[in-house]
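Work through the exercises below with the sequence and the model in view. Try each task before reading its solution.

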Amino acid sequence: MKLNKFKSSEITPEKVYKNRRKFLKDMGIVTGTALLSQNIMSSALSYTPETERKITDYKYATTYNNYYEFGTGKSDPHKNSQDFITKPWEITIDGEVEKKITLSVDEIINMFPSEERVYRFRCVEGWSMVIPWLGFPLNKLLNKAQPTSKAKYVKFTSVFDPEQMKGQRFPVLDWPYKEGLRIDEAMHPLTLMVTGLYGKELPNQNGAPLRLIVPWKYGFKSAKAIVNISFVEKMPTSSWMKASPHEYGFYSNVNPNVAHPRWSQATERVIGENVFAPRIQTLMFNGYGDEVASLYDGMDLRKNY
Ligand code: MTE
């Protein structure tokens with residue numbers, strides 16, 4: 001694994017970041033502060049505490065990435081996405097809706113104040129991080145479009161721009177990147193539209209200007225650089241399902257009991273720990289079972305992987 005060095009001016013030193021968090025926490029406020037252009041809601045209630053695990057260093061969260069539009073190596077997204085233009089940017093919400101809407105990122109950020117959520121992040125490849133995301137519950141945005149009774153699933157489409165995204169010139173995946181959720185999953189309060197991380201604007205390599213986070217599912221469900229959200233009647237086929245349906249199912253819930261065809265999912269490697277650190281147990285639904293297990297009552301999660 002080769003990691004690129006980040007310019008020190010671009011990093012909030014971890015100590016400063018942690019002290020700031022402690023100060024804000026003591027004040028009953030836990031949120032980022034450096035996100036000047038964003039409207040951040042400060043509320044202790046909006047904070048999801050991650051008490052058991054250490055927050056991943058910013059440098060790993062922003063240099064060890066998956067973003068195939070910018071290359072398939074872990075350091076490629078950081079290396080190749082710096083000049084990617086994300087302004088202006090619009091998202092359209094359409095399909096089975098009463099009101100098709102198109103909003104700019106600035107309108108979205110002003111309409112829906114961002115809050116900080118510290119979430120575990122588990123990649124299907126067997127590694128994990130803990131990241132303080134900034135964002136707002138996706139349901140707030142989705143409700144604006146007023147989905148009809150026919151809407152059963154939500155399809156997310158990332159940007160298609162092979163001029164700027166060299167990875168899209170190769171048929172590695174079915175471009176543009178597509179993902180999907182069942183409507184109740186998309187509307188779940190844990191599902192976040194992400195606008196930033198570590199109290200800062202979202203870096204390009206992490207999916208600027210808007211990406212998804214669904215913390216109880218493997219990381220590939222979290223589409224980056226989203227331009228369209230469409231309510232649909234039938235289960236959408238994601239780019240990963242199309243690439244390899246027996247490896248990547250629609251649900252993709254984190255599940256230590258269901259192995260990937262080529263490796264076990266029982267444990268995970270914590271990014272940022274030294275190479276000799278033991279792997280840790282992976283938790284069902286990535287530890288969010290209390291919040292989300294009821295969504296799958298009566299479903300066979302081995303079949304619906
Ligand atoms: N979104 C797009 N558009 N393209 C991608 O290649 N990779 C996915 C997901 N979203 C991907 C994407 C995968 S496999 C993972 S693990 C996460 O983004 C990685 O998010 P991170 O780089 O912020 O950790």
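The exercises cover an aromatic pair, a central strand's partners and a pocket.

The model is predicted, with local features needing pLDDT of at least 70 and side-chain atom pairs pLDDT 80 or more, while totals for chains, interfaces and linings use all residues. Residues are numbered from 1 along each chain as its sequence is written, and side-chain values use heavy atoms, without hydrogens and water.

**Exercise 1.** Classify the ring pair of tyrosine 64 and tryptophan 127.

Solution. Step one is the rule: rings of Phe, Tyr and Trp (its six-membered ring) pair if their centres lie within 6.5 Å, and planes under 30 degrees apart count as stacked, over 60 as edge-to-face and the rest as tilted. The whole structure holds 17 aromatic pairs. In step two, the centres of tyrosine 64 and tryptophan 127 are 5.1 Å apart and the planes stand at 80°, so this pair is edge-to-face. Helices (H or I, at least four residues) and strands (E, at least two) are DSSP runs, numbered from the N terminus.

**Exercise 2.** Decide whether tyrosine 64 is buried or exposed, and find the lysine over its face.

Solution. Buried means under 20% relative accessible area, exposed over 50%, and partly exposed in between (1.4 Å probe, protein chains only). Tyrosine 64 has 7%, so it is buried. Lysine 74 lies over the face of tyrosine 64, 5.9 Å from the ring centre.

**Exercise 3.** Find the strands that pair with E7.

Solution. Two strands pair if DSSP finds at least two bridges between them. First, E4 and E7 run antiparallel and are joined by five bridges; glycine 135 has valine 194 of E7 as its bridge partner. Next, strand E9 (residues 211-213) pairs with E7 in the antiparallel sense over three bridges, and valine 194 has arginine 211 as its partner there. Last, strand E8 (residues 200-201) is antiparallel to E7 over two bridges, with leucine 197 opposite lysine 200. Six of the six residues of E7 (residues 192-197) are buried, so the strand is largely enclosed by the rest of the structure.

**Exercise 4.** Which strand gives the largest share of the lining of the largest pocket?

Solution. E4 gives the largest share of that lining, with four residues.

Technical notes. Lys NZ or Arg CZ within 6 Å of the ring centre and 35° of its normal.
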